[in-house]
Amino acid sequence: MALDRQRIVAEAVALLDAEGLDGVTTRKLAARLGVQSPTLYWHLPNKAALVTAIADAILDQQFGDMSPPEPDQHWQDWLSGLAERLRRALLAHPDGARVISASQLSLKMAAISELAMSTLVARGIPLRQARVIVLTVERFTVGHVLEEQAPRPDADALQHFDMATFAQQHPTAVAAIAEYFRPGRTVDDLFRDCLDVVIEGAAVKARTIS
């Protein structure tokens, strides 16, 4: 099979899924493709270009088709849906949020931002405010997933963690966590609730400005 950029990126995504971002090296990728590492540089000049290509591939799986909201759809609901799609795209792969954070000049991320900002401007939100809203939503989403995908405490750390003392020193925080995560509520609900706070606050400020 001929080696082209599409095949290289597809194999790089498979390597990401198998070993995480730290395992994505040109040496390992070349071995999976049955070529020498320098061969890859004809298609992707360096590791940064490879990571950006992986980012675009990850995003394209959720954003192959993008469209503005329907005329009767509130921009807040549409933007919330966009953020949920972004989160799904990142969670679909190990270290997905790290890949997006490390990417440089991702054309797919730029297209998502362009659509979101132009949508808000079309709804009467000043350009500067539209940019701030979109960047805030995007960065909140990526940051949230970074935390979701961060390594969990290992067994040794948990064994030496004094939960009773922690609860005594942070009673409100512990009670709030226990109250929030009552049966049936998940981290998906937490993401949506936090996202609602971000977007609703932005909407209030936008109405004040306009």
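**Entry 1**

I started at Val 197, which is exposed with a relative accessible area of 63%. I use buried for under 20% relative accessible area, exposed for over 50% and partly exposed for in between, with a 1.4 Å probe and protein chains only. Val 197 sits in helix H12.

**Entry 1: ground rules**

I am working on a predicted model, where local features need pLDDT of at least 70, side-chain atom pairs count only at pLDDT 80 or more, and totals for chains, interfaces and linings use all residues. Residues are numbered from 1 along each chain as its sequence is written, and side-chain values use heavy atoms, with hydrogens and water left out.

**Entry 2: the whole chain**

I looked up the secondary structure and found 12 helices and 0 strands. Helices (H or I, at least four residues) and strands (E, at least two) are DSSP runs, numbered from the N terminus. The C-alpha trace spans about 55 × 55 × 25 Å along its principal axes. Of the 210 residues, 37% are buried. I also looked at contacts (heavy atoms within 4.5 Å). Among those between residues at least 6 apart in sequence, 72% join residues at least 24 apart.

UniProt, in an unreviewed entry, places "domain: HTH tetR-type" at residues 2-62. I note that UniProt positions are in the numbering used here, that feature names are shortened, and that annotations may be inferred rather than shown by experiment. In the model, residues 2-62 are 70% helix and 0% strand, with end C-alpha atoms 27 Å apart. The unreviewed entry also lists a "DNA-binding region" at residues 25-44. For that span I get 60% helix and 0% strand, and its end C-alpha atoms lie 13 Å apart.

Which residues of helix H2 are buried? In H2 (residues 26-33) they are Leu 29, Ala 30 and Leu 33. These three cover an arc of only 100 degrees around the axis, so they lie on the same side of H2. The arc is taken from the directions from the helix axis to the C-beta atoms. Arg 27 and Ala 31 are exposed on the other side of H2. I then asked what covers the buried residues of H2. The cover includes helix H1 (5-19), helix H3 (37-40) and helix H4 (47-62). Just after H2, Gly 34 has a positive phi of about 75 degrees.

**Entry 3: the largest pocket**

Next I went looking for open space. A probe the size of a water molecule, rolled over the atoms, shows where empty space is left. The search uses a 1 Å grid over the protein atoms alone; a pocket is an open set of points with protein on both sides within 12 Å along at least five of seven lines, a cavity is a set where a 1.4 Å probe fits but cannot get out, and lining residues have an atom within 4 Å of a point. Grid points are joined across faces, edges and corners, and a volume is the space filled by probe spheres set on the points.

The largest pocket holds about 260 Å³ of space. Helix H6 (96-102), helix H7 (107-122) and helix H8 (127-149) are the elements that give two or more residues to its lining. H8 gives the most, with 4 residues. The lining residues include Met 109, Ser 113, Glu 138 and Arg 139. By class, I find 6 nonpolar, 4 polar and 2 charged residues in this lining. Here Ala, Val, Leu, Ile, Met, Phe, Trp, Tyr, Cys and Pro count as nonpolar, Asp, Glu, Lys and Arg as charged, and the others, Gly among them, as polar.

I stopped at Ser 113, in helix H7. Ser 113 counts as buried because its relative accessibility is 12%. Leaving aside neighbours within four places in sequence, Ser 113 is in contact with Val 134 and Glu 138.

**Entry 4: the second largest pocket**

The second largest pocket has a volume of about 210 Å³. Its lining consists of His 144, Glu 147, Glu 148, Arg 152, Phe 181, Val 187 and Leu 190. H8 and helix H12 (187-209) are the elements giving two or more residues to this lining, and H8 has the largest share, 3 residues. The classes here come to 3 nonpolar, 1 polar and 3 charged.
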